[in-house]
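Please keep the model open while reading the numbered points.

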Amino acid sequence: MAESIIPESALDALPILALRNSVLFPASVVPVNVGRARSVRLIEEAFGQERPTIGVLAQRDAEEEDPGFERLYNFGTLARVLKVIRLSSGHYSVVLQGIARMRVVRPVGREPWLRARVERLAEHLQRDEEIDALTVHLREIARDLARTLPSPPREMGVVLDNVQDPGALADLVASHLPIPTDKKQRIIETLDVRARLKAVLDLIKRQHEIHRVKQEVASMVEQEMSKSQRELLLRQQLRAIRRELGDAGTEDDELDNLRERLSKANPPPEADRAGRRELSRMSSMNSASAEYQVAFNYVEWLSDLPWSRQTPDRLDVSEVRRVLDEDHHGLEEPKKRIVEYIAVRKLRTNKRSPILCFIGPPGVGKTSLGHSIARATGRAFQRIALGGVQDEAEIRGHRRTYVGALPGRIVAGLKKAGAGNPVFVLDEVDKMSADYSGDPASALLEALDPEQNHAFVDHYLNVPVDLSQVLFIATANRRDTIPRPLLDRMEIIEIPGYTRDDKLAIARDFLVPRQLADHGLTPEHLEISDAAIEKLVNEYTSEAGVRKLAQQVAALCRAVAVRVAGGDSTHIDADPKLVETLLGPPKIELDVAEKVAAIGIATTLCWTPGGGEIMLVECTQMPGKGEVHLTGKMGEVLKESAQAAFSYLRARASSYGLKDDFLDRIDLHIHLPKGGMSKDGPALGLSIFLSLVSMLRSIPVRPDVALTGEITLRGKVLRVDGLKQKCLAAHRAGIKVLVIPKQNAPDLDEVPERIRKDLTVHLISRVDEVLKIALTEPLEIKPPPAALSSAHA
């Protein structure tokens with residue numbers, strides 16, 4: 001195609017027309033609608049000229065109404081205005097003919113229209129065999145694509161037959177492809193003809209593949225629809241024939257049976273309407289289709305839920321107490337609270353119940369307490385395990401739009417219970433977590449709120465379900481990991497760990513008889529002495545509950561069962577020696593109090609989810625530059641407690657007989673043994689202070705004294721948690737003297753009286769008081785300087 005000569009002077013301030021959602025290629029003729037004010041002014045100015053020349057640039061963002069040069073592509077096309085038609089709306093229809101590629105050198109102005117100095121770009125063409133082969137290949141594939149398109153451009157065939165120039169052919173084919181503007185712009189910016197032919201070939205191959213796949217999918221859908229419609233028609237005719245013959249089809253029987261089940265379930269009006277709506281749709285569906293099965297499962301769930309079925313409550317307070325005593329040893333406070341709860345339920349049947357939450361160490365009987373409540377009240381029992389749940393849909397269910405959707409665990413548990421008023425134990429609510437799928441704890445809020453759970457909506461059913469008659473009991477090991485909004489909806493009942501005597505009684509009265517029966521043994525085969533049980537408790541288990549103890553008793557029973565199964569029917573009396581023979585050497589080293597007073601060594605009490613423990617705080621000094629080293633896998637709170645103890649001691653050094661510069665030539669090292677176990681919390685502050693004073697003043701600490709307490713920078717001793725478990729741990733270890741915060745005095749009532757009688761408890765409110773009790777030698781404590789005294793008052 002011959003190109004017109006454009007004077008260089010015309011390229012110095014060329015009018016620029018911005019196009020959106022479109023790219024003008026050289027050698028192409030296209031109509032363009034012009035309606036924006038700046039573009040209209042340009043066209044009206046060109047209207048009186050003889051075929052004026054302008055520059056055409058594509059917009060980067062088609063949504064921008066009045067773009068500047070920074071929002072236009074830098075490469076475009078020189079074009080001639082062939083025809084201008086004024087429309088009735090005041091807009092124009094303009095026919096443009098692309099002449100050659102151009103590049104904006106620099107903008108000249110924006111008013112009254114865009115103007116720029118441009119550079120005309122020449123094509124890089126050297127005809128060779130590869131370019132000729134690419135041209136022929138492009139022409140063939142373009143013809144194939146034109147045949148697959150439902151309505152190909154009429155001029156496409158003319159272009160393919162008559163255009164011989166390789167670059168022009170690539171441009172014209174690209175201009176007719178249904179591809180995004182940015183991809184067409186990349187073709188405009190490709191000056192090398194060889195590279196342009198390859199790029200257009202790649203684009204046209206992609207379009208050819210897309211249209212081929214679309215045709216295949218459309219053909220498959222059409223065939224499937226035709227097949228489904230034919231099957232539906234035949235099934236309807238077959239159904240009509242069977243009705244005439246009096247022979248009801250199995251499909252009709254299935255729907256009738258489902259309809260009858262839904263009626264017998266007596267669901268509330270909203271659920272009934274939803275079920276009957278699905279049944280109506282199913283009557284016109286192909287029973288082999290996936291949609292029919294989805295609808296069938298939905299109606300089946302509605303039919304199986306216990307909408308109107310409930311078990312009669314047995315709210316007999318004395319029976320509840322009897323069952324709890326029969327199933328559980330000790331736990332007097334939890335039992336008392338449960339009996340009170342049942343009594344209130346009996347007196348106020350129309351009152352929605354609070355949600356109970358049992359919090360305590362593993363193996364103390366939290367879940368089995370829920371089972372006992374169900375047995376005592378005559379209700380069905382269901383346990384819902386929530387440990388590790390991190391998807392909201394596990395609670396609320398999946399919407400039916402998902403493949404394989406099912407209701408959540410609450411609705412599934414209700415169906416399994418077969419009654420609308422079961423006892424639900426929500427096990428391990430403290431071990432749920434949230435991720436991108438939602439927060440299961442938040443989904444539980446509605447189910448556990450007595451003011452809302454009468455209309456709980458599961459995503460799968462999408463109809464209200466009444467949970468107000470369900471007795472929810474949650475269990476957890478720790479309070480601090482339960483989300484606060486969930487905790488506020490529950491009434492907490494603390495279940496502490498068992499004492500050693502409790503474990504001996506539980507093993508004798510509950511565990512041993514149960515394990516003998518589970519292993520096919522009788523007391524004639526095996527009898528376990530109290531001394532053997534005590535050895536199992538002390539040397540083979542270390543826990544607040546009795547789960548590991550039950551496993552050790554089971555191991556003992558299995559060893560004896562092997563002998564009995566081998567023909568040895570001799571009666572076996574299990575004593576401590578036989579326990580060690582059958583189970584191997586002891587696995588637990590007992591925590592026992594130190595026997596000798598030592599400098600810088602203080603015995604502290606700590607609490608873990610498994611119960612109370614005693615621990616040593618070790619402190620030493622060495623030549624150095626005043627650094628303090630903390631080891632023993634301490635958490636952030638514990639490190640801050642150590643720093644507070646050290647800062648208080650350093651600020652009042654003279655009161656304890658230390659020089660103000662005592663730290664200039666030494667380093668201090670505080671260590672907590674059992675370095676593989678993480679430790680945290682503020683309760684070790686008092687013990688760290690005592691070990692520091694003992695080490696710096698070279699006065700040993702009494703080995704029979706254990707202490708716990710948080711301290712402040714003013715020397716106050718604050719309340720700590722878990723006092724009962726700590727007292728039990730001290731008693732087990734042989735500790736005789738306890739030093740605890742005065743604020744913990746009310747918590748001593750929870751400690752069994754027998755334990756309290758064996759302990760001497762000192763209640764303190766200031767850190768100085770512990771030095772008089774725990775050190776083996778008296779330490780004169782001088783009054784602090786006046787400034788410190790007023791600051792610490």
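1. Start with a strand pair. Strand S7 (residues 355–359) and strand S12 (residues 471–476) run parallel and are joined by 4 bridges. Strands here are DSSP runs of E, at least two residues long, and helices are runs of H or I, at least four residues long, both numbered from the N terminus. Within this pair, Cys 357 has Ala 474 in S12 as its bridge partner. Cys 357 has 0% relative accessibility, so it counts as buried. Buried means under 20% relative accessible area, exposed means over 50%, and partly exposed lies in between (1.4 Å probe, protein chains only).

2. Now the basis of the model. This is a predicted model, in which local features need pLDDT of at least 70, side-chain atom pairs count only at pLDDT 80 or more, and totals for chains, interfaces and linings use all residues. Residues are numbered from 1 along each chain as its sequence is written, and side-chain values use heavy atoms, with hydrogens and water left out.

3. How confident is the predictor? The protein averages a pLDDT of 83, and 90% of the residues score at least 70. pLDDT is the predictor's confidence in each residue, from 0 to 100. Confidence is lowest in helix H26 (residues 786–791), with a mean of 50. It is highest in strand S22 (residues 717–718), at 93. Where pLDDT is low, the predicted coordinates should not be read in detail.

4. Back to the sheet. An open sheet is formed by 5 strands in the order S8-S9-S12-S7-S13, with parallel pairing. Its edges are strand S8 (381–385) and strand S13 (490–494); each has a single partner strand, so one side of each lacks a neighbour in the sheet. On average, neighbouring strands of this sheet are turned by 25° against each other, direction ignored. Two strands pair if DSSP finds at least two bridges between them. The angles are taken between axes, which are lines fitted to C-alpha atoms (for helices, over the stretch in contact), and run from 0 to 180 degrees between N-to-C directions.

5. Another strand deserves a look. Strand S16 (residues 601–608) has 6 of its 8 residues buried, so the rest of the structure largely encloses it. S16 runs parallel to strand S20 (residues 705–707), and 2 bridges join them. Thr 604 stands opposite Leu 707 in S20. Cys 606 is buried too, with a relative accessible area of 11%.

6. On disulfides, the count is 0, where a disulfide is a pair of cysteine sulfur atoms within 2.5 Å. For Cys 606, which is in no disulfide, the nearest cysteine sulfur is that of Cys 727, 13 Å away.

7. H23 is mostly covered, with 10 of its 11 residues buried. Among them are Leu 723, Cys 727, Leu 728 and His 731. Gly 734 follows H23 and has a positive phi, near 85°.

8. H8 (residues 269–282) has 14 residues and reaches 20 Å from its first C-alpha to its last, close to the 20 Å expected at 1.5 Å a residue. The expected span is 1.5 Å times one less than the number of residues. Ala 271, Ala 274, Gly 275, Glu 278, Leu 279 and Met 282 are buried. They cover an arc of only 135° around the axis, which puts them on the same side of H8. The arc is that of the directions from the helix axis to the C-beta atoms. Pro 269 and Arg 273, on the other side, are exposed.
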